[in-house]
Amino acid sequence: MIMLIVVTLYPFINTLAISLNDANDSIRGGIFLKPRVFTWYNYEYVFKEASIFHATLVSVLRTVLGTVICVFCSAMVAYTISRKEFVLRKFVTVAFVLTMYFNGGLIPNYLLIKELHLLNSFWVYIIPGTVGVFNIIVIRSFIEGLPEGILESARMDGCGEFTTFMRIVLPLCTPVLATVSLFVAVWQWNSWFDVFLYNSSNINLSTLQYELMKVLQSSNASMSQKSAADVFSNVAGQTTNQVTPLAVRATMTIVASLPIIAVYPFLQKYFVKGMTLGGIKG
């Protein structure tokens with residue numbers, strides 16, 4: 001267990017140490033658990049653009065709204081195809097699963113987004129990910145493991161399907177919904193390619209990941225313009241207020257990971273709870 005903890009934590013601690021170390025000094029290597037020449041300049045360089053803060057707000061809004069809508073819609077679909085009385089459940093399930101193996105490709109998808117008038121729109125982050133087939137399968141499997149007697153009792157009390165879903169199924173599915181929410185939130189938070197494809201010309205719709213990607217490209221371009229002699233002379237002279245792609249990558253990794261790391265401990269308990277509830281028999 002100690003070895004597992006070390007293997008898990010060391011890469012993150014090492015990345016944190018590099019992000020807090022002077023960029024030119026990091027080129028020498030030998031940084032393990034703590035920075036050798038402490039500095040905040042790497043973070044100042046990443047956050048010096050005013051657009052970073054607006055992009056962070058867009059990323060937070062995208063993550064929260066996209067996660068809520070995706071999880072709720074996926075849960076409704078999962079509940080529908082989990083009902084044995086739904087005559088098209090097998091056909092619908094097969095149709096959903098096929099989309100996991102076959103897709104139209106990048107160009108047809110772009111043309112579809114264009115025809116839906118979602119280009120340069122915030123909703124291009126939300127609508128295409130309204131439901132996820134993998135999420136539907138996971139939630140459906142959990143719902144099928146719930147005691148059938150609970151649902152039958154709700155119907156005997158006069159509850160319709162939507163009332164049963166909202167008041168009975170959703171509360172019982174809290175563990176699996178929390179798990180799926182984490183999956184969706186991580187995907188929404190880390191996504192940047194859709195910003196590049198659909199909203200790259202609109203700075204107001206840029207996300208944090210896309211802005212960090214541009215910062216990394218900028219640092220790579222600036223480093224490529226410097227000669228090797230300049231780099232080594234900076235290292236030898238310990239010139240401060242310099243950045244390198246290594247330092248920028250480490251800083252970006254920490255900045256992008258901290259929000260998810262902060263949320264994960266609050267959701268972790270639901271994984272164990274979900275395994276317990278999944279073992280209940282009628």
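The protein chain holds 14 helices and 0 strands, where helices (H or I, at least four residues) and strands (E, at least two) are DSSP runs, numbered from the N terminus. Read from the N terminus on, its elements run α-α-α-α-α-α-α-α-α-α-α-α-α-α. Please keep in mind that this is a predicted model, in which local features need pLDDT of at least 70 and side-chain atom pairs count only at pLDDT 80 or more, while totals for chains, interfaces and linings use all residues. Residues are numbered from 1 along each chain as its sequence is written, and side-chain values use heavy atoms, with hydrogens and water left out.

**The chain as a whole**

- Of the 282 residues of the protein chain, 39% count as buried; buried means under 20% relative accessible area, exposed over 50%, and partly exposed in between (1.4 Å probe, protein chains only).
- The protein chain exposes about 16300 Å², and carbon and sulfur atoms supply 69% of that area; accessible areas come from the Shrake-Rupley method with a 1.4 Å probe, and for residues only the protein chains shown count as cover.
- Among contacts between residues at least 6 apart in sequence, 73% join residues at least 24 apart, with contact meaning heavy atoms within 4.5 Å.

**Helices α4 and α5**

- Two packed helices are described by the angle between their axes and the distance between the axes.
- The axes of helix α4 (residues 51–82) and helix α5 (residues 89–101) come within 9 Å and cross at roughly 135°; axes are lines fitted to C-alpha atoms, for helices over the stretch in contact, and angles run from 0 to 180 degrees between N-to-C directions.
- α4 and α5 are therefore oblique to each other, since angles under 35 degrees count as roughly parallel, over 145 as roughly antiparallel, 65 to 115 as roughly perpendicular and the rest as oblique.
- On the α4 side, Val77, Ile81 and Ser82 meet Arg89, Val92, Thr93 and Phe96 of α5.
- The residues of this contact of α4 with α5 divide into 4 nonpolar, 2 polar and 1 charged (Ala, Val, Leu, Ile, Met, Phe, Trp, Tyr, Cys and Pro count as nonpolar, Asp, Glu, Lys and Arg as charged, and the others, Gly among them, as polar).

- Ser74 lies in helix α4 and is buried, with a relative accessible area of 0%.
- Leaving aside neighbours within four places in sequence, Ser74 is in contact with Thr130, Val131, Gly132, Asn135, Ile136 and Ile139.
- Phe72 also has its place in helix α4, but this residue is partly exposed, at a relative accessible area of 30%.
- Not counting residues up to four places away in sequence, Phe72 touches Phe165, Met166 and Leu170.
- Phe72 and Thr130 are 58 residues apart along the chain, and their C-alpha atoms are separated by 8.8 Å.
- Val184 is found in helix α10 (residues 174–190) and counts as buried at 5% relative accessibility.
- Val184 touches Gly66, Thr67, Cys70, Val71 and Asn135, again not counting residues up to four places away in sequence.

**Aromatic rings**

- A search of the whole structure finds 10 aromatic pairs; rings of Phe, Tyr and Trp (its six-membered ring) pair if their centres lie within 6.5 Å, and planes under 30 degrees apart count as stacked, over 60 as edge-to-face and the rest as tilted.
- Phe47 and Phe53 have ring centres 6.0 Å apart and planes at 35°, so the pair is tilted.
- In that pair, Phe47 counts as partly exposed at 27% relative accessibility, whereas Phe53 counts as exposed at 52%.
- Trp192 and Phe193 form an edge-to-face pair, 5.8 Å centre to centre with 90° between the planes.
- Trp192 is partly exposed at a relative accessible area of 32%, and Phe193 is partly exposed at 39%.
- Phe38, Trp40 and Tyr43 form one aromatic cluster.

**The loop between α6 and α7**

- His117 is found in the loop between α6 (106–115) and α7 (133–144), and its phi is near 60°, a positive value in a residue other than glycine.
- His117 counts as exposed, at 70% relative accessibility.
- Asn120 is found in the loop between α6 and α7 and has a positive phi of about 55° although it is not a glycine.
- Asn120 counts as partly exposed, at 41% relative accessibility.
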